[in-house]
Amino acid sequence: MESSKQQAGELCLVCEERKQIGIHILHQYICMDCEEKIVSAETNDEYYKHYLNQLRKLKLVKSSV
């Protein structure tokens with residue numbers, strides 16, 4: 001049994017889990033599950049504020065242009 005087993009996928013900004021499929025926004029990864037939940041969320045949904053708080057972590061990167 002290996003104690004230093006590596007996990008596949010990337011760490012999602014929103015759910016903070018490692019997932020295989022997703023998108024990159026401003027050099028940050030969002031898994032497909034979270035992307036779908038964010039797009040379909042209503043402002044009165046239970047997790048709406050959570051999504052907003054997590055998305056605030058997106059950092060604007062200065063363009064070198």
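Helices (H or I, at least four residues) and strands (E, at least two residues) are taken as DSSP runs and are numbered from the N terminus. The structure is a predicted model, in which local features need pLDDT of at least 70 and side-chain atom pairs count only at pLDDT 80 or more, while totals for chains, interfaces and linings use all residues. Residues are numbered from 1 along each chain as its sequence is written, and side-chain values use heavy atoms, with hydrogens and water left out.

Strand pairing was assigned where DSSP finds at least two bridges between two strands. Strand E3 (residues 22-25) and strand E4 (residues 28-31) run antiparallel and are joined by four bridges.

Leu-26 is not a glycine, yet has a positive phi of about 50°. His-27, although not a glycine, has a positive phi of about 65°. Accessibility was classed by relative accessible area (buried under 20%, exposed over 50%, partly exposed in between; 1.4 Å probe, protein chains only). Leu-26 counts as partly exposed because its relative accessibility is 37%. His-27 is exposed, with a relative accessible area of 68%.

Cysteine pairs were examined next. A disulfide is a covalent bond between the sulfur atoms of two cysteines; the criterion applied was a pair of cysteine sulfur atoms within 2.5 Å. By this rule, the count of disulfides is zero. For Cys-12, the closest cysteine sulfur is that of Cys-15, and because the distance is 3.7 Å, the two are too far apart for a bond. Viewed from Cys-15, the closest cysteine sulfur is in Cys-12, at 3.7 Å. In accessibility, Cys-12 counts as buried, at 2%, whereas Cys-15 counts as partly exposed, at 26%.

A further position is found in helix H2 (residues 48-55), where Leu-52 lies. Leu-52 has a relative accessible area of 32% and is therefore partly exposed. In sequence, Leu-52 and Val-14 are 38 residues apart, and in space the distance from C-alpha to C-alpha is 9.2 Å.
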